[in-house]
Amino acid sequence: MTAGQVTSTMRAVAIAEWVVSVTEIPAKVRESAVLVILDALACSLAGLDVAGSVASRAVTTELWGTGASSIWFTGTKASSHGAAFANSMATSILDYDDGHRMAEGHLGAAMVPAVFAEAEAMGATAEQVLTAIAIGYEVATRIAKSRDPATVLTGASGRWCGQGVAAAVGWLRHDDAATIANAMALTDTIAPYAMATEDTLVGNHVKEAIPDGTKNGLEKLAAARKGMLGPIDFLDRDRFDGNILARDLSDGWYIETTYFKPYSCCRWIHAPLDALLEQRDGVTDWEAVKEIIVGTFQRTLTLNNQKKPKTLQSAQYSVPFCIASAAIYGAGCLQPIKSELLTDARVLTLADKVFVKVDADLEAVYPNETSGRVSIIMADDPSPAPVYVEIARGDSRNPMTYEERVQKLQRCGEGIVDAGKLSDLKDAIVALRDQDQFEPLLKCLAANR
């Protein structure tokens, strides 16, 4: 059986058969896996001291006990389930983590913490870790992309990321296809819907329930390993596209087209932010702005878009607030997002002048593209020409450089970990990339900051 091919008529079993058939990954896939690790660790540093992350660490050993897996940058260890949950929360809490346009959601905040936790406990090699992460990305994205949009009740990534976790860790632990198929089925059945987070105007730490989806995948894999059976025909429904689930890999693995975020806010805001920043130098007085019109697709209007958010979690989903912040202070204030912006009078005043509207041209290309258009209208002075951005920075077709990714890690880690340890972390990622060494990275993550 060649990579990507399936033999079973039951879709979940066919995917599991493909998972266990993987013996190696192409060089480009390996490179992509290193990049998602680099990004996930950067995001986890940025989110380490956010209240939701602190709370998750506080209950980890109480709920899941002790173990051999590191809670990153704290010097403490927990069970693999507990460590994965806590590290996933830190990675996802600021919405700075990577994602995929085809899945319309986030993967790195689930796959990297889960695979690392299990790998540390079992002593896995660098190659095993990178392969497992790539498998998790592939399976989770297939499942998310295959869904009929008309039947999707929630866009929360926690709904499908755990299925990828079960596949990734199942491969890592040498589970058979039946175990992995049952684990994915159990995970899907119990996956968090997080329905309340779809329309809430209250900042919260549940958001897309990625940490819950992550631990769900690990728990159900453990249960399947003990003989628990799931509805393994869960993908055999008309609401799932079988062609996507059974895609071959002639066009590459999904991990290769992961997007990365230069700003810690919803990805749907990134193209407008790029457009705004392109015009920023042409405006000398933001108080003289009459209004800013943000053209986007319909789904962006489902964000809370509060002009005066009270929490960082609300701010991450507000087009007016993020646009106003970047206009006044530049991209740096969202790298990662700063809490002092919440009470900044200049930002709040300008946010009142930002209006979000559906652009028919942009709606027509969504979800294949998440483009944006920004028009700055001056009260008296000449207005700059509107700017349209088709592909936001960080997309695989408009990628960040490796140096920019390292700068993101640097910004996220400054003031969070000791400067020397941050330098060691950068060196450890290079050792993983160039020398197939995983142990130096584990040493950095296990150390207390």
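Analyst: Two strands pair if DSSP finds at least two bridges between them, and helices (H or I, at least four residues) and strands (E, at least two) are DSSP runs, numbered from the N terminus. This is a predicted model, in which local features need pLDDT of at least 70 and side-chain atom pairs count only at pLDDT 80 or more, while totals for chains, interfaces and linings use all residues. Residues are numbered from 1 along each chain as its sequence is written, and side-chain values use heavy atoms, with hydrogens and water left out.

User: OK, how many bridges join β3 to β4, and do they run parallel or antiparallel?

Analyst: Strand β3, residues 289-296, is joined to β4 by 5 bridges, and the two run parallel. Within this pairing, T296 stands opposite V358 in β4.

User: And in what order do the strands of the sheet come?

Analyst: The order is β4-β3-β5-β6, an open sheet of 4 strands with mixed pairing. At the edges are β4 (354-358) and β6, each of which pairs on one side only. From one strand to the next, the twist averages 20 degrees.

User: Which strands does α11 lie across?

Analyst: Helix α11, residues 270-279, lies across β3, β5 (372-378) and β6, and runs at about 40 degrees to β5. Helix α13, residues 319-329, lies across β3 and β4, at about 125 degrees to β4. For these angles, axes are lines fitted to C-alpha atoms, for helices over the stretch in contact (heavy atoms within 4.5 Å), and angles run from 0 to 180 degrees between N-to-C directions.

User: Switching to α8, what is its reach from first C-alpha to last?

Analyst: Helix α8, residues 177-190, has 14 residues and reaches 20 Å, close to the 20 Å expected at 1.5 Å a residue, where the expected span is 1.5 Å times one less than the number of residues.

User: How many of its residues are buried?

Analyst: Of the 14 residues of α8, 11 are buried, so the helix is largely enclosed by the rest of the structure. Buried means under 20% relative accessible area, exposed over 50%, and partly exposed in between, with a 1.4 Å probe and protein chains only. Among the buried residues are I180, M184, L186 and D188.

User: What do they pack against?

Analyst: The buried residues of α8 pack against α1 (11-21), α6 (126-146), α7 (161-172) and α9 (210-225).

User: Now the charged pairs: how many salt bridges are there?

Analyst: The count comes to 19 salt bridges, a salt bridge being a side-chain nitrogen of Lys or Arg within 4 Å of a carboxyl oxygen of Asp or Glu.

User: Which residue does D49 meet in one?

Analyst: The side chain of D49 meets that of R449, at 2.7 Å from N to O. D49 lies in the loop between α2 (27-47) and α3 (51-64), and R449 in the segment after α18 (439-446), so the pair ties together parts that are 400 residues apart in sequence. D49 is partly exposed at 41% relative accessibility, and R449 is partly exposed at 34%.

User: What about D395 and R101, buried or exposed?

Analyst: D395 counts as buried, at 3% relative accessibility, and R101 counts as buried at 19%. They form a salt bridge whose closest N and O atoms are 3.1 Å apart. This pair links distant parts of the chain, 294 residues apart, with D395 in the loop between β6 (387-389) and α16 (402-413) and R101 in the loop between α4 (80-92) and α5 (108-122).
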